[in-house]
2 protein chains.
Amino acid sequence: MTTAVSIITIGDELLIGQTIDTNSAWIGQRLNALGLDLVRRVAVGDSRDAIWSALDEELTKSQIVIITGGLGPTADDITKPLLAEYFGGGMHTDESVLAHVRAIFEGLGRPMLDRNLKQAEVPRACDVLFNKRGTAPGMWFEKDGKIIVSLPGVPHEMAGIMEDKVLPRLQERFSGGVIVHASIITAGEGESFLAEKINDLENALPPHIKLAFLPGARMVKLRLTGRGTDKTLLTNEVMRHQSLLLERLGKIVIATEDIPLEAILLKWFTANKKTLALAESCTGGSIADNLTNVEGASGYFKGGIVCYYRSVKEDLLGVRKETIDKYGIVSEETAREMADAARTKLAADVGLGITGFLGPTTEAGVPVGTVCIAISDATQTTARTFSFKYERRRNKEVAVSVAMQQLLRFVTESHG
Amino acid sequence: MTTAVSIITIGDELLIGQTIDTNSAWIGQRLNALGLDLVRRVAVGDSRDAIWSALDEELTKSQIVIITGGLGPTADDITKPLLAEYFGGGMHTDESVLAHVRAIFEGLGRPMLDRNLKQAEVPRACDVLFNKRGTAPGMWFEKDGKIIVSLPGVPHEMAGIMEDKVLPRLQERFSGGVIVHASIITAGEGESFLAEKINDLENALPPHIKLAFLPGARMVKLRLTGRGTDKTLLTNEVMRHQSLLLERLGKIVIATEDIPLEAILLKWFTANKKTLALAESCTGGSIADNLTNVEGASGYFKGGIVCYYRSVKEDLLGVRKETIDKYGIVSEETAREMADAARTKLAADVGLGITGFLGPTTEAGVPVGTVCIAISDATQTTARTFSFKYERRRNKEVAVSVAMQQLLRFVTESHG
């Protein structure tokens with residue numbers, strides 16, 4: 001039997017779209033890893049009635065309710081007194097939280113205000129969950145066999161309390177079933193095509209193994225999810241189905257791990273002791289940004305040149321004026337010289353150059369969304385032109401993803 | 001009287017945390033601009049019961065329910081048949097959608113599959129909302145005086161249908177009250193300090209004007225929201241309260257518009273006809289990425305050098321070996337040379353250099369989270385050291401935000 005969980009996210013800023021809710025996805029991942037079933041996520045505003053009725057409703061649907069947000073020091077936060085009333089017993093000051101809040105303000109050399117003192121007040125009915133990264137403590141309530149956890153909305157504070165306190169307790173309490181995932185990342189074909197290609201394999205899956213299609217930027221992730229009781233048995237079974245899919249899908253598979261492309265590239269480059277350099281025009285540093293999001297990137301990623309102006313392409317990178325004049329800023333020829341120049345100027349084993357018009361404006365009659373990507377090593381330089389049909393931001397995201405996909409193909413095909 | 005709206009987001013991938021829900025924030029912003037009140041956002045999995053009961057519940061709470069997701073061509077999508085049953089009348093093939101799907105596949109030169117044909121099947125009870133960006137159409141239902149809209153989950157397809165079809169219809173139907181926002185962005189002080197400093201002004205606000213504190217990366221946004229009927233009157237009133245706050249807050253205010261820092265920088269640089277270049281080490285291209293997210297960045301942002309390796313700092317940028325040896329890779333001295341070099345190598349008016357250890361590892365005893373930022377123009381170079389205490393990714397985000405805050409202060413204070 002699975003244990004149902006609901007998340008309630010509190011904050012007007014979520015409803016008017018000022019903030020994107022990244023907490024829920026993070027919590028969902030962690031609960032899933034414990035075999036707990038997140039069944040509903042509800043966001044409500046900073047309104048007493050809305051919070052109260054959400055709590056009532058989710059407690060009828062789930063055994064565990066996790067609340068995030070609504071605990072800050074300013075006047076728009078009303079969650080804590082509401083919880084004290086909901087669970088009864090009123091409020092009191094928690095001395096350990098008070099000492100912690102004091103220490104934070106002393107460390108900052110800032111005066112402690114009345115409203116900061118109030119952060120040490122908590123409902124009597126809760127277990128305090130210590131927040132080492134901030135002033136607002138988490139709270140753990142139990143009522144009628146259900147568990148209610150309230151956490152601050154600041155992502156790294158929420159995550160800290162979840163990891164230190166909440167997840168270990170939940171794991172201890174609910175030694176639920178085993179869940180095993182296996183993923184396949186494909187590039188270059190659409191969701192419908194894939195679905196058709198593996199239709200019989202999908203239909204042959206046993207009821208306790210499900211297949212999901214997760215479309216991304218010019219790639220589709222297939223995820224197998226198996227549920228069972230014996231981890232080894234289930235893992236073998238899921239992996240057998242993954243192998244059948246891999247065999248069927250062939251060359252469109254670019255990875256068999258559910259980790260970001262930048263992590264897959266990091267693994268390949270460090271395992272093969274190669275280095276990388278970039279010359280980015282239209283993506284404006286976004287590929288470099290992505291590559292350096294993973295720890296260890298400094299072991300293979302030398303750096304890059306963001307050449308947004310033509311003059312930077314010519315003067316700093318050394319792309320020839322004649323090439324740009326003859327073929328255009330956005331051309332495979334220019335991309336090739338950028339890739340070669342990145343590699344040689346930064347003394348790297350592999351260079352990648354990317355140039356395009358992401359929109360909304362363009363030049364010299366080149367269609368908006370045209371992007372040329374070139375990749376070069378000591379023995380060869382390849383280039384390809386893509387045409388993206390979205391708006392500027394989405395075109396950038398897709399261009400970054402496709403560049404990393406192309407790079408992964410280049411290195412795995414040419415170097416083994 | 002306000003009109004309540006609920007969003008229902010469908011997809012297992014949201015609950016297991018595979019996907020971050022950006023659609024809801026986007027929809028929330030657009031509804032807010034129309035004066036419609038998003039009161040609840042609910043995410044449920046690809047389960048018939050969960051979707052059905054969410055629809056039942058949200059229709060009791062809201063007059064408008066917007067559903068996203070669950071319309072793709074693969075087997076894990078069950079929304080369309082469910083809606084046909086919920087609203088009665090069964091399914092039929094829509095000829096205009098069919099022709100559109102055919103044209104898309106012809107354009108791609110790909111065979112049309114049975115499951116793509118199915119995308120042209122829609123519930124009889126709906127008005128079809130044409131999706132020019134993809135194969136899954138949107139649907140508009142009305143029942144018992146309530147409006148239910150179903151949209152694909154792919155963000156740019158959802159946004160396209162909202163802008164072309166849904167928002168204009170909603171605007172026509174609900175000429176709701178007027179909403180006026182005014183924002184103030186502050187940097188350098190915490191939420192509690194600000195709240196205390198403006199406590200009396202906040203308490204003096206009339207009931208129809210609310211103040212919200214929205215903490216960001218080392219900055220806090222204050223947002224006034226006024227609701228009324230006369231736009232001019234309300235705007236004047238909200239602006240008067242904004243002025244009082246601005247006067248009280250003084251120098252910690254860095255902007256009075258609710259637009260991203262990169263858009264504020266773009267405005268300043270283009271208005272003042274100055275250019276910018278970057279030398280990024282620890283932020284790995286992320287500042288450049290942010291700056292180039294806004295259209296028009298190519299008018300002032302020349303480019304940058306991402307110098308992740310020490311050798312790139314020395315060989316390409318020209319930071320002196322002695323400076324790094326004496327003061328360290330992460331030092332104000334190194335940051336100064338990086339800022340100067342970015343400016344001169346890329347022939348820009350202003351240069352910014354940033355170097356730091358974001359974690360989890362560090363070197364030479366420099367604490368994790370230490371970041372040095374220097375900014376230089378033809379007459380001066382300033383540098384400052386910051387200490388961030390988060391994990392790697394968050395440290396990067398905060399460093400990027402602080403660098404842009406510092407840059408904004410530098411240019412507005414030194415040039416006008």
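View 1. Helices (H or I, at least four residues) and strands (E, at least two) are taken as DSSP runs and numbered from the N terminus, and two strands are said to pair if DSSP finds at least two bridges between them. The hairpin of β7(A) and β8(A) has 2 residues between the strands, and in this hairpin D144(A) takes a positive phi near 50°. Strand β6 (residues 127-129) of chain A is joined to β7(A) by 3 bridges, again with the strands running antiparallel, and here V128(A) stands opposite M139(A). This is a predicted model, in which local features need pLDDT of at least 70 and side-chain atom pairs count only at pLDDT 80 or more, whereas totals for chains, interfaces and linings use all residues. Residues are numbered from 1 along each chain as its sequence is written, while chains are lettered from A and ligands numbered from 1 in the order in which they are written.

**View 2. Chain A as a whole.** Chain A has 16 helices and 17 strands, and along its principal axes its C-alpha trace spans about 80 × 60 × 40 Å. Of the 416 residues of chain A, 48% count as buried; a residue is buried if 20 or more other C-beta atoms lie within 10 Å of its own, exposed if 12 or fewer, and partly exposed in between, with C-beta atoms placed from the backbone. Two residues are in contact if their C-beta atoms, placed from the backbone, lie within 7 Å, and among contacts in chain A between residues at least 6 apart in sequence, 66% join residues at least 24 apart.

**View 3. The interface between chain A and chain B.** In this view 73 residues of chain A are in contact with 73 residues of chain B. The side of chain A that touches chain B divides into 32 nonpolar, 22 polar and 19 charged residues, where Ala, Val, Leu, Ile, Met, Phe, Trp, Tyr, Cys and Pro count as nonpolar, Asp, Glu, Lys and Arg as charged, and the others, Gly among them, as polar. Strand β2 (residues 37-44) of chain A pairs with strand β2 (residues 37-44) of chain B in the antiparallel sense over 5 bridges, and R40(A) has V44(B) as its bridge partner in β2(B).

**View 4. Surroundings of E13(B).** E13(B) is found in helix α1 (residues 12-15) of chain B, and this residue counts as buried because it has 24 C-beta neighbours inside 10 Å. Not counting residues up to four places away in sequence, E13(B) touches A212(A), L214(A), Q18(B) and T19(B).

**View 5. Strand β13(B) and its two parallel partners.** Strand β13 (residues 276-280) of chain B is mostly covered, with 5 of its 5 residues buried. L276(B), L278(B) and E280(B) point one way from β13(B), A277(B) and A279(B) the other way, and all are buried. In the parallel sense, β13(B) pairs over 5 bridges with strand β14 (residues 301-307) of chain B, where G304(B) is the bridge partner of L278(B). β13(B) also pairs in the parallel sense over 5 bridges with strand β15 (residues 350-356) of chain B, where V350(B) is the bridge partner of L276(B).

View 6. Leaving aside its neighbours within four places in sequence, A403(B) is in contact with T283(B), I287(B), L352(B), I354(B) and I373(B). I373(B) in turn stands opposite R384(B) in β17(B), and 7 bridges join strand β16 (residues 370-376) to strand β17 (residues 381-387) of chain B, which run antiparallel.
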